[in-house]
Amino acid sequence: MRSEMFDHLQKLSFSFYDENKTGQLMTRTTNDILAMTELYHHGPEDILISLMKFLGAFIILMYIDVKLTLIVFLFLPIMVIFALYFNQKMNVALRVSKDRIGDINAQVEDSLAGIRVVKSFTNEQVEKSKFVYANQRFVDSRRDGYRSETYFHEGLVGFTQLITIAVIVFGGAAIVGSSLVLADLLTFFLCVGILIEPIKRAANFARLYQEGITGFDRFMDILEVEPAIEDDKDARELGQVRGSVTFCEVGFKYKENYDYVLRNVSLDIQAGEYIALVGPSGVGKTTLCSLIPRFYETSEGSIMIDGHNIREVTQRSLRQQIGMVQQDVYLFAGTVAENIRYGKMNADMEEIIAAARQANAHDFIMTLPDGYDTDIGQRGVKLSGGQKQRLSIARVFLKNPPIIIFDEATSSLDNESEKAVQESLERLSRKRTTIVIAHRLTTVRNAQRIIVLSDDGIEEQGTHEQLMAHNGSYARLYNVQSEI
């Protein structure tokens, strides 16, 4: 079930992860399924043993004294109603409790992932306060759960004691009336004790059941989420492409009731062309590029690659034709070689080294303690920004796609690192369709075409010289940056 959950999470679209916290998803993948494990492990044996003992004791009690047995069983409907009521309260409390432990996991994950920011701003107390708040909410939810569980368990114990008292009273009366002998009453007591034990087992099962079924409900909540983007039934494989990309009156908004991020964007990019997307923050440059590999689905219009509508091909084959180098590089815990190999999982060491050389990464890799076998830590924390960026470029070199997207890949680097990364980017972009998102306009002066985006779509386009001569938005942006 955990594997099924993980497989399903891999299929879900970016829009799902925009709305859900990693810590909550981790709780559903670990704690919730652990609760189900306990139910599946102990539940069947509790049911079987309880049923056998209950039936056996019932037959013996009926054999000894029918009237006294019926008196005992008059308590059972009341016990069932009582149990169902508090069982429901336990269910609600456990559901809230599992949400709260998910909040704790999300808080811990957020604080530890940003521990360097926390310490740099000396905000350890702030994070501690946030954790204490989340933890107290969990404690409060558990208090409600334990209260319901206590009423449930101790109530059933109370009813079993009442059964014992009833047996003493009515059994004693039967002895006085000579309808029951003492030996039979003692045997009846022993069997009532056997009858009570499965009731206690049933109470334990009810607790396991509530924890397990709550986990199961949360498990199914995730499995019932359909990916926002799915392949059509007749979607075909997209083979090797030349790399032309065409936007046909494309519009996009993140949710139905949100404003449009992009509207009426029409753009024709030739195979092998090097274009740059520029414009103020928030006009949709990154969003535009995220639509090409179908990380998000267009709200209007269509996107074509070599004349193929990207909605009519499989997502896997589409994304195999596209390489992305982002500003926020994500490296996995592991070695340098493992992270480069992520671009082509069956690559041998020679291919990895060749890709690293092309990305200007080989020299610094060889200075690391174990070279390509050096462990770089979680998210590559043992490397500098420029080193991480070059590894991400090496990964794309290894993938060798015909379409490359650079999302502000050098904006946060120092001059030396930027120069090394820029050289590797230029090497990577040769004979490939290249789309560069840039804030530093000096880095895209040599682009074959510069596209200026605004809130209304494409405002102007042309070479650097043409746009400067036009003296429009691009010229103003360039002049402002030049003055800084």
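Is V261 buried or exposed, or something in between? I looked it up and found V261 partly exposed, with a relative accessible area of 21%. My note on the words: buried means under 20% relative accessible area, exposed over 50%, and partly exposed in between, using a 1.4 Å probe and protein chains only.

Before going on, I noted that this is a predicted model, where local features need pLDDT of at least 70, side-chain atom pairs count only at pLDDT 80 or more, and totals for chains, interfaces and linings use all residues. Residues are numbered from 1 along each chain as its sequence is written, and side-chain values use heavy atoms, with hydrogens and water left out.

**V261.** I found V261 in the loop between β1 (245–252) and β2 (262–269). Strands here are DSSP runs of E, at least two residues, numbered from the N terminus. Leaving out residues up to four places away in sequence, V261 touches F252, K253, Y254, V283, G284 and T287; contact means heavy atoms within 4.5 Å. I also checked T287: V261 and T287 are 26 residues apart in sequence and 7.9 Å apart in space, C-alpha to C-alpha.

**β1 and its partners.** I saw that β1 and β2 pair in the antiparallel sense over 5 bridges, and V245 stands opposite I269 in β2. Two strands pair if DSSP finds at least two bridges between them. β1 also pairs with β4 (residues 300–305), in the antiparallel sense over 5 bridges, and there T246 stands opposite M304.

**R449.** I located R449 in strand β9 (residues 449–454). R449 is buried, with a relative accessible area of 15%. Its contacts, not counting residues up to four places away in sequence, include I269 and Q461.

Methods: Helix = DSSP H or I, 4+ residues; strand = E, 2+ residues; numbered from the N terminus.
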